Structures are given as C-alpha cells and as structure tokens.
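Please keep the sequence and the structure in view while reading.

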Amino acid sequence: MNQEMEGEPSAWAALLARAAQGDVDAFEDFYLRSAPWSLALARQLVGEGEAEEFMASLYLQAWQHAASFDHARMAACDWLDALARRLAAMR
C-alpha cells in the first residue's frame, strides 16, 4: 500500500523496536501514527462493516509479534501490511 504515512519508515520502525521490548507508550504512538493507513487497508480487505473489529485483531497481533519485525528486511508499513493480509486470509 503506497500512501503517505507520518514518520515512516524510520519513526515506525523505531516505535516497533521499542514495542518489542514491551514499551506500551511506543506501541500506542505506533498505533496512532499507523491507524489511519491501516484502517484504509482493513476496509479494503474485509469491508467497512468489519474494519473496526479487524483493526482490533490486527493491532493485538502487531503487539504480540512486534519482536518479529526486522527493519533490515522490510519497512514497518510493509510488515503491518503483511500481517493484515495474513489475518484477513485466516478469516
């Protein structure tokens, strides 16, 4: 998904790295910065009616798997996109 995102890629990557260490404030900041972008993706993947519930599941997965993010392999938005697409495929 190629949209303008606030502070991406370095800010999102840094926030995810801190979240992987259990930093709840960093994860909250990551959510606030990425939510508009990921909501648009959620609407595309599961539709308007399920987007909010999907977002809750997506960010729970993101929190639980933040340690799997490797900024050397991909941008944080690409990681979140892949996570969303896997989650949508499992529905």
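## Model and confidence

The pLDDT is the predictor's confidence in each residue, on a scale from 0 to 100. The structure shown is a predicted model. Its protein chain averages a pLDDT of 90, and 90% of the residues score at least 70. Confidence is lowest in helix 1 (residues 10-20), with a mean of 92, and highest in helix 3 (residues 51-64), with a mean of 97. Where pLDDT is low, the predicted coordinates should not be read in detail.

## Helix 1 and its buried face

The buried residues of helix 1 are W12, A13, L15, L16 and A19. Viewed down the axis of helix 1, these residues fall within an arc of 165°, so they line one face of the helix. An α-helix has 3.6 residues a turn, so residues three or four places apart point the same way.

The cover over the buried residues of helix 1 includes helix 2, helix 3 and helix 4 (76-90). After helix 1 comes G22, which has a positive phi, near 95°.

## Packing of helix 1 against helix 2

Two packed helices are described by the angle between their axes and the distance between the axes. For helix 1 and helix 2 the angle is about 140° and the axes are 8 Å apart. Angles over 145 degrees would count as roughly antiparallel; helix 1 and helix 2 are therefore oblique to each other. Their crossing is left-handed. On the helix 1 side the contact is made by A11, W12, L15, L16, R18 and A19, and on the helix 2 side by A26, F27, D29, F30, R33, S34 and W37.

## Packing of helix 2 against helix 3

Helix 2 and helix 3 pack at an angle of about 135°, and their axes lie 9 Å apart. These two helices are therefore also oblique to each other. Helix 2 passes helix 3 in a right-handed crossing. Helix 2 contributes V24, F27, F30, Y31, S34, A35, S38, L39, A42, R43, L45 and V46 to this contact; helix 3 contributes A51, F54, M55, L58, Y59, A62 and W63.

S34 lies in helix 2 (residues 24-46). Its relative accessible area is 0%, and S34 is therefore buried, since the cut-off for burial is under 20%. Apart from neighbours within four places in sequence, S34 is in contact with W12, Y59 and L80. Of these, W12 is one of the buried residues of helix 1.

Y31 also lies in helix 2. With a relative accessibility of 35%, Y31 counts as partly exposed. Leaving aside neighbours within four places in sequence, Y31 is in contact with M55 and Y59. The C-alpha atoms of Y31 and D78 are separated by 15 Å, and these residues are 47 residues apart along the chain.

## Packing of helix 3 against helix 4

Helix 3 and helix 4 pack at an angle of about 120°, with 10 Å between their axes. This angle makes helix 3 oblique to helix 4. The crossing of the two helices is right-handed. In this pairing F54, S57, L58, Y59, Q61 and A62 of helix 3 meet W79, L80, L83, A84, L87 and A88 of helix 4.

Technical notes. Residues numbered from 1 in each chain as written. Predicted model: local features only at pLDDT ≥ 70, side-chain atom pairs only at ≥ 80, totals over all residues. Heavy atoms only, no water. Helix = DSSP H or I, 4+ residues; strand = E, 2+ residues; numbered from the N terminus. Buried < 20%, exposed > 50% of the residue type's maximum accessible area, 1.4 Å probe, protein only. Contact = heavy atoms within 4.5 Å. Arc of directions from axis to C-beta. Axes fitted to C-alpha atoms, helices over the stretch in contact; angles between N-to-C directions. Parallel < 35°, antiparallel > 145°, perpendicular 65-115°, else oblique. Left-handed = near helix turned anticlockwise from the far one by under 90°.
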